[in-house]
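My entries below follow the order in which I looked things up.

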Amino acid sequence: MTFFVPSHSRPGRHVTSNVVSMTTSAAAPIGSEGAISTDNTVTDRLVSANRHYAEAFTDPGMDARPVLHVAVVACMDARLDLHKALGLQLGDCHTIRNAGGVVTDDVIRSLTISQRKLGTRSIVLIHHTGCGLESLTEDFRTELEMEVGQRPSWAVESFRDADQDVRQSMQRVRTSPFLLHTDDIRGFVFDVRTGLLREVDPA
């Protein structure tokens, strides 16, 4: 199922709905023969890019409350460009990202603040095909313990079935006592090859 999200309407603009196929690109400086320049660190490049961004930046005068009153929970995977994929603009939504896009205690914390203090009502949960968490197990915590001498307090939250994990995430959100609005929660799997979202049946 294709998921269409409306862009917010401002004076003189029309409301639109779309899903855009995603592409990725590296913004790092390219040297001779197409090689990436190693003169600076990646962070140096980001800071330099920010200076260029700031030169043309103007204060949009926005409130901190998302215009569309929606929070999106998604994986941190670098192939997911959420704003482009969902037709969103600056100020439209809250985006909460972690490894796998799973609903953890910290995601519930962010969603609770998002709803109770910043007015969001809808929640969109997004996993994706080819997720790295599908190749991990809780043994990863044991490996870390053997390496550093301390077992992580957090769970890996790995999974084998993205659809089933989306269902689990929806259930975690629905049953949280801290969230005010749980009537509009929908989950999806993003296909990294086609750029399309497929909705997951919560049943």
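I began with helix α3, where I found V107, I108, S110, L111, T112, S114 and Q115 buried; buried stands for under 20% relative accessible area, exposed for over 50% and partly exposed for what lies in between, with a 1.4 Å probe and protein chains only. I note that this is a predicted model, in which local features need pLDDT of at least 70 and side-chain atom pairs count only at pLDDT 80 or more, while totals for chains, interfaces and linings use all residues. Residues are numbered from 1 along each chain as its sequence is written, and side-chain values use heavy atoms, with hydrogens and water left out.

What covers the buried residues of α3? I found that the cover includes β3, β4, β5 and α5, where helices (H or I, at least four residues) and strands (E, at least two) are DSSP runs numbered from the N terminus.

I then checked the length of α3: its 14 residues should span 20 Å at 1.5 Å a residue, and its end C-alpha atoms are 19 Å apart, which agrees; the expected span is 1.5 Å times one less than the number of residues. Just after α3, I saw that G119 takes a positive phi of about 80°.

Next I turned to the sheet, an open one in which 5 strands run in the order β4-β3-β5-β6-β7 with mixed pairing; two strands pair if DSSP finds at least two bridges between them. β4 (93–98) and β7 (197–200) each have a single partner strand and stand at the edges, so one side of each is left without a neighbour in the sheet.

I looked at one pairing in detail: β6 (residues 185–190) and β7 are antiparallel over 4 bridges, and F188 has E199 in β7 as its bridge partner. Helix α3 (residues 105–118) packs on the sheet and touches β3 (70–75), β4 and β5 (122–128), its direction making about 170° with that of β4. Helix α5 (residues 162–174) also packs on the sheet, touching β5, β6 and β7, and its direction makes about 155° with that of β6. Contact means heavy atoms within 4.5 Å; axes are lines fitted to C-alpha atoms, for helices over the stretch in contact, and angles run from 0 to 180 degrees between N-to-C directions.

My last entry concerns D163, which has its place in helix α5 and is buried, at a relative accessible area of 18%. Leaving aside neighbours within four places in sequence, I found D163 in contact with V189, R198 and V200.
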